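The following questions and answers concern one protein chain.

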Amino acid sequence: MSGAAKAAAANHFRGALTRWPKDTLRPDCQLQDVLAKRLQKGPLAPVTAGATQEQADLKQANALYSLLQDRYKNKYRAPEKLFEPRSNPTYYKDLLKELEEAPHRSWLGRLTKRLSGMIRFT
């Protein structure tokens, strides 16, 4: 693969990685960091039969962009009823709230939450 083609594929990867959201639950292990290290090592993607390295790398970059743009979420819409199960209609809203609060919880808050999960009064 020529140097210009490899640079173009690498630029597409870097563009996708700069737009990728940070993971607040695991701040020490970010997808951007892992893929940036992979970008420095050599070929970015495995070559499939009948394709060049440039095509394989650009395919991988396109896959990253498709995830960033929520192409599959928009293409395969899930019905709203799916997100409000009859047994617990607020389950997914509560889950999102919990995921937003978790990174900012103190040590004592985490311990309290863990203990309250073990002991339930219903």
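Q: How many salt bridges does a search of the whole structure find?
A: The model is a predicted one. In general, side chains of opposite charge can pair when their charged atoms come close. A search of the whole structure for such pairs gives a total of five salt bridges.

Q: Which residue forms a salt bridge with R26, and is that residue buried or partly exposed?
A: R26 has a relative accessible area of 49% and is partly exposed. Its side chain meets that of D23, with N and O 2.8 Å apart.

Q: How far apart are the closest N and O atoms in the salt bridge of K93 with E84?
A: K93 is exposed, with a relative accessible area of 55%, whereas E84 counts as partly exposed at 45%. A salt bridge requires the nitrogen to be within 4 Å of the carboxyl oxygen. For K93 and E84, the closest N and O atoms are separated by 4.0 Å.

Q: Which residues are linked with R105 in a network of salt bridges?
A: R105 counts as buried, its relative accessibility being 18%. Its side chain forms a salt bridge with that of E98 at 3.0 Å, N to O, and E98 is partly exposed at 25%. The network that contains R105 also links E98, E101 and K113.

Q: Is Q30 buried or exposed, and what is its relative accessible area?
A: Q30 is placed in the loop between α1 and α2 (31-41). A polar atom of its side chain lies 3.5 Å from the backbone oxygen of P27, and Q30 is also in contact with P21, K22 and D23 when neighbours within four places in sequence are set aside. Since buried means under 20%, Q30 is buried, with a relative accessible area of 7%.

Q: What is the phi of D70?
A: D70 is found in the loop between α3 and α4 (71-75) and is partly exposed, with a relative accessible area of 36%. Most residues other than glycine have a negative phi. D70 is not a glycine, yet its phi is positive, at about 55°.

Q: What is the area of the nonpolar surface patch made by L25, L82, F83, Y91, Y92, L95, L96 and L99?
A: L99, one of the patch residues, is found in helix α5 (residues 91-101). Residues in a patch need over 30% relative accessible area, and L99 counts as partly exposed at 39%. The patch has an area of about 740 Å².

Terms used. Residues are numbered from 1 along each chain as its sequence is written. This is a predicted model: local features need pLDDT of at least 70, side-chain atom pairs count only at pLDDT 80 or more; totals for chains, interfaces and linings use all residues. Side-chain values use heavy atoms; hydrogens and water are left out. Helices (H or I, at least four residues) and strands (E, at least two) are DSSP runs, numbered from the N terminus. Buried means under 20% relative accessible area, exposed over 50%, partly exposed in between (1.4 Å probe, protein chains only). A polar contact is a pair of N or O atoms within 3.5 Å; within protein, one must be able to donate a hydrogen and the other to accept it, and residues adjacent in sequence count only if both atoms are side-chain atoms. Contact means heavy atoms within 4.5 Å. Patches are made of residues with over 30% relative accessible area and no salt bridge: like charges are joined within 9 Å, nonpolar side chains (Val, Leu, Ile, Met, Phe, Trp, Tyr) within 5 Å. Accessible areas come from the Shrake-Rupley method with a 1.4 Å probe; for residues, only the protein chains shown count as cover.
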